[in-house]
Amino acid sequence: MSQLANYINAKRESKPILSMTHVVYGYPTVEESLTWMGTLLENGADFIEVQFPFSDPVADGPTIVAACHKALEQTLSVEQCLKDIGQLAKNYPESRLVLMSYLNPMYRYGLDKLVERCAEEGILGLILPDLPYEQAGGLRAACDKHGIDPVWLVTPVTPKDRMAFLASNAQGFLYCVARSGVTGNSNHEGEGAQTELQHYLASIKSDSSAPLGVGFGLRRREQIKELEGHADIAILGSALLDAYNQGGQETGIALFKELFSH
Amino acid sequence: MQSDNGYYGEFGGSYIPEILYSSQQQILNAYEEAKNDPAFIAELKQQWQEYSGRPTPLTFCKNLTEHFGGAQIYLKREDLNHSGAHKMNNVIGQGLLVKRMGKKRVIAETGAGQHGIATALVCARLGLECTIYMGAKDVKRQYPNVFWMEQLGATVVPVTEGSQTLRDALDEALRDWSSTHEDSHYLIGTTCGCAPFPEMVAFFQSVIGEEVKEQSKAQFGRYPDKLYACVGGGSNACGLFLPFVDDKDVEMVGVEAGGKGTKLGEHSIRLSHNLGTPGIAQGFASIFIQDDAGQLQETHSISAGLDYVGVSPIIAHLAKEGRINMTYAMDDEVVDACTLLLKNEGIIPALESSHALAGAFKDAPSMSKDTHIVINLSGRGDKDIFNVAKALQDPTFPDFLNDYLEDYEKDTLIKKTEKEA
């Protein structure tokens, strides 16, 4: 079994649901983003999903897009990012860091090298939302070799047979997108199916032995509470960034505690 | 040109968020069925003829041919399509596909606004809801098109993120589609994006080259020796070139936007002179203008329609194979070429198409008199009136604008007073 899945299963014995908090590397500066990750880890975040910014983040909503563009006003390097978050992973062995980005900056860095470096730095999971399973042959091979988990996404509109396929191939955890659209509050008012989340998660669970993480649109305590018993990880992205933008780390931590310290 | 499972050599593919999987599959299947359905093809041809005025002529440029004293110069007159550009060919095709799939709403991105206009026109005709994403910078550059899109009932959304051009409009259209995929079709205007868009748009645009085949035989007894097309996303170039791809004697030249210079941020040259590098973004693998870290970079062109960071995977592949020769034309050369066509042939070309003219005009004088070249005049230039006036520093244009504004305000005031009375 994967290192990430083992970690999740062990931690779940004492917690009804684990937290994954999202931070954009380099926003508003590299230093500040690392301090912010440190604060979240101090406060008991089980995971940090570190987003390495890309100029054209098509799966993200306005909050994260703006943060990525702001971060890219500086020159950011993938290598430095891996070193920086690798250090955090060493400093906080009770938590895990996973790397999220879009394909192009990772492709330019070199996918094989990326996976190898992640393994060296103790970054055990990789989330690339614009890299579908079918196109990821090379990455999957490298991940197998180095014990890194590529995290696949499923959505409420994923067809049944594809869902079963992705769920049975899930490693580390399966990222269950809670609704149609992009991350956070969207400019686009989707008419997407109001899928019954618990029913959706139950159907995934029947196909997957991997833990389930749920993200997109989570911002209230009730939502997290409702996931307990149905998922293993609640992923907090845009809502945390909105809070952070509003009142800095203090407001961000207040939201994190409100959602997870129970 | 048939793709290999969405790929053209190393380019193409489908790199899209998982949420779009089902919608993409639906388009793949609908397109495969439609292109093999004689009733669909018949309807397509009828709409092209009745609504857009196809076939467009192949016009011999007697004066320019004499002016240069070399190659026999012909123009494929895509500017004579309804809406004034080749964009209509694709939009009519995808519009019929939207009806076939039973979707009610269309999303599109636009650069110069030609694709946006064509989309808004077809949506009005087919009774579809229409949202157009356009970079805020392009909204400013091409306001007349924005005005008409809105008059046609479309919602135009200016995209203020990133570089505020076509690439950002494409990102935002993809985000909309991620939210609304169940009812909406993303009507991509060029031969880019995830499969099957490059292949499908090229299929609908290939009517251009197919007509040139017949017309060249009828008008000068054989296929042209050399074809020229401007290359932004690549749709008009694919349309002219692909039907000739297996006719090895027909040379092909793609002309990119050289802008103001070859420094990063001053041009939109992806393929010629290796200014672009391989990348995977906006749903497909191709050549992009990017930095070493894989961040897409700003581009420039006097023509909004060529101001794009990526390029069709089909064109990237054929350029790599050496089947298409890529070159570029600078902003000032483009304005000169535009003026030359105006004065000699009485045709007003779009600034996009003027790149193809500039590329061809450089070669024409040194070509022998028995060579025949065909330049794709992809669009008409009426939309560029403000930009061309500025580029030519027309002395009376500002007076016209001032007078217009004065009159406009007076008129508004009178209407307001009448209303209140």
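The stops below concern chain B of a predicted model.

**Domains.** Begin by colouring chain B according to its domain assignment: domain 1 comprises 8-50 + 86-201, domain 2 comprises 55-84 + 206-386, and domain 3 comprises 395-420. Taken over C-alpha atoms, the centres of domain 2 and domain 3 of chain B are 40 Å apart.

**The annotated lysine.** Next, select B:Lys87, which an unreviewed UniProt entry annotates as "modified residue: N6-(pyridoxal phosphate)lysine". B:Lys87 belongs to helix α4 (residues 87-101) of chain B. Is B:Lys87 buried or exposed? B:Lys87 counts as buried because it has 32 C-beta neighbours inside 10 Å, the threshold being 20 or more. Now display its contacts beyond four places in sequence: B:Gln114, B:His115, B:Ala118 and B:Gly189.

**The sheet.** Move on to the open six-stranded sheet of chain B, whose strands follow the order β3-β4-β14-β9-β10-β13 with mixed pairing. The edge strands are β3 (58-60) and β13 (325-330) of chain B; each has a single partner strand, so one side of each lacks a neighbour in the sheet. From one strand to the next, the twist averages 30°.

Within this sheet, select β9 (residues 226-230) and β14 (residues 372-377) of chain B, which pair in the parallel sense over three bridges. Here B:Leu227 is placed opposite B:Val374 of β14(B).

Terms used:
Residues are numbered from 1 along each chain as its sequence is written. Chains are lettered from A and ligands numbered from 1 in the order in which they are written. This is a predicted model: local features need pLDDT of at least 70, side-chain atom pairs count only at pLDDT 80 or more; totals for chains, interfaces and linings use all residues. UniProt positions are given in the numbering used here, feature names are shortened, and annotations may be inferred rather than shown by experiment. Helices (H or I, at least four residues) and strands (E, at least two) are DSSP runs, numbered from the N terminus. A residue is buried if 20 or more other C-beta atoms lie within 10 Å of its own, exposed if 12 or fewer, and partly exposed in between; C-beta atoms are placed from the backbone. Two residues are in contact if their C-beta atoms, placed from the backbone, lie within 7 Å. Domain bounds come from an automatic or database domain assignment. Two strands pair if DSSP finds at least two bridges between them. Axes are lines fitted to C-alpha atoms, for helices over the stretch in contact, and angles run from 0 to 180 degrees between N-to-C directions.
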